[in-house]
Amino acid sequence: MKIIKGTSISKGIAFGHIHFQNVQLPEIGEQFTDSPENEVMRFSKACADTLNLLQTLYEKTINIAGESDAKIFSIQQMMLHDSDYVNTIIRLQNRKLLC
């Protein structure tokens with residue numbers, strides 16, 4: 001038996017078969033646009049959609065597994081509410097798009 005150690009996302013011990021998949025990730029290249037403002041609007045809409053989804057997942061997880069397990073979704077929501085984080089993404093996006 002081979003023991004593999006890593007960072008846990010939940011308390012307790014897990015056991016079972018591990019399956020590794022050799023999935024080739026798609027190459028993502030730079031794309032340029034004539035309208036960086038539209039890209040920022042797309043990002044803002046994606047943030048709003050993601051916040052709604054995370055809230056739904058939080059509520060479902062509370063009912064199924066309890067608040068301690070649901071906190072991961074509220075932490076992810078906090079990241080999207082962090083103005084430094086969001087503004088950095090927008091700044092990087094604009095820099096890439098305006099090159």
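A nonpolar core is a set of buried Ala, Val, Leu, Ile, Met, Phe, Trp, Tyr and Cys residues joined through side-chain atoms within 4.5 Å. I start from that term and look for such a core here. The model is predicted.

**Entry 1: the core**

I looked up the largest nonpolar core. It has 11 residues in all. They are Val40, Phe43, Cys47, Leu51, Leu54, Tyr58, Ala70, Phe73, Leu80, Val86 and Ile90. I then asked which helices supply it. α1, α2 (67–81) and α3 (83–98) each give at least two residues to this core. The largest share comes from α1, with six residues. As a general note, nonpolar side chains in soluble globular proteins tend to be buried together.

**Entry 2: the overall layout**

I stepped back to the whole chain. I found three helices and zero strands in the protein. Read from the N terminus, the elements run α-α-α. The protein has 99 residues, and 18% of them are buried. I also checked how far contacts reach along the sequence. I took contacts between residues at least 6 apart in sequence, and 55% of these join residues at least 24 apart.

**Entry 3: how α1 meets α2**

How do α1 and α2 pack, and at what angle? I read an angle of about 165°, with the axes 8 Å apart. Angles over 145 degrees count as roughly antiparallel, so α1 is roughly antiparallel to α2. The crossing of α1 past α2 is left-handed.

Next I listed the residues in the contact. From α1 come Cys47, Thr50, Leu51, Leu54, Gln55, Leu57, Tyr58, Thr61, Ile62 and Ala65. From α2 come Glu67, Asp69, Ala70, Lys71, Phe73, Ser74, Gln76, Gln77, Leu80 and His81. I sorted the contact by class. It has 10 nonpolar, seven polar and three charged residues.

**Entry 4: Thr61 and Leu51**

I picked two residues of α1 from that contact. Thr61 sits in helix α1, which spans residues 36–65. Is Thr61 buried or exposed? Its relative accessibility is 17%. Buried means under 20%, so Thr61 counts as buried. I set aside residues up to four places away in sequence and looked at what Thr61 touches. I found Gly66, Asp69, Ala70 and Phe73. Among these, Ala70 and Phe73 belong to the largest nonpolar core.

Leu51 is a member of that core too. Leaving out neighbours within four places in sequence, I found Leu51 in contact with Gln77, Leu80 and His81.

**Entry 5: Gln76**

I moved to helix α2, where Gln76 has its place. Gln76 has a relative accessible area of 31%, so it is partly exposed. I checked its spacing to Leu54.

Glu39 is in helix α1. Its relative accessible area is 18%, so Glu39 is buried. Along the chain Glu39 and Ile90 are 51 residues apart, and 9.0 Å separates their C-alpha atoms.

Ala48 also lies in helix α1. Is Ala48 buried or partly exposed? At 36% relative accessibility, Ala48 counts as partly exposed.

How values were computed:
Residues numbered from 1 in each chain as written. Predicted model: local features only at pLDDT ≥ 70, side-chain atom pairs only at ≥ 80, totals over all residues. Heavy atoms only, no water. Helix = DSSP H or I, 4+ residues; strand = E, 2+ residues; numbered from the N terminus. Buried < 20%, exposed > 50% of the residue type's maximum accessible area, 1.4 Å probe, protein only. Contact = heavy atoms within 4.5 Å. Axes fitted to C-alpha atoms, helices over the stretch in contact; angles between N-to-C directions. Parallel < 35°, antiparallel > 145°, perpendicular 65-115°, else oblique. Left-handed = near helix turned anticlockwise from the far one by under 90°. Nonpolar A, V, L, I, M, F, W, Y, C, P; charged D, E, K, R; others polar.
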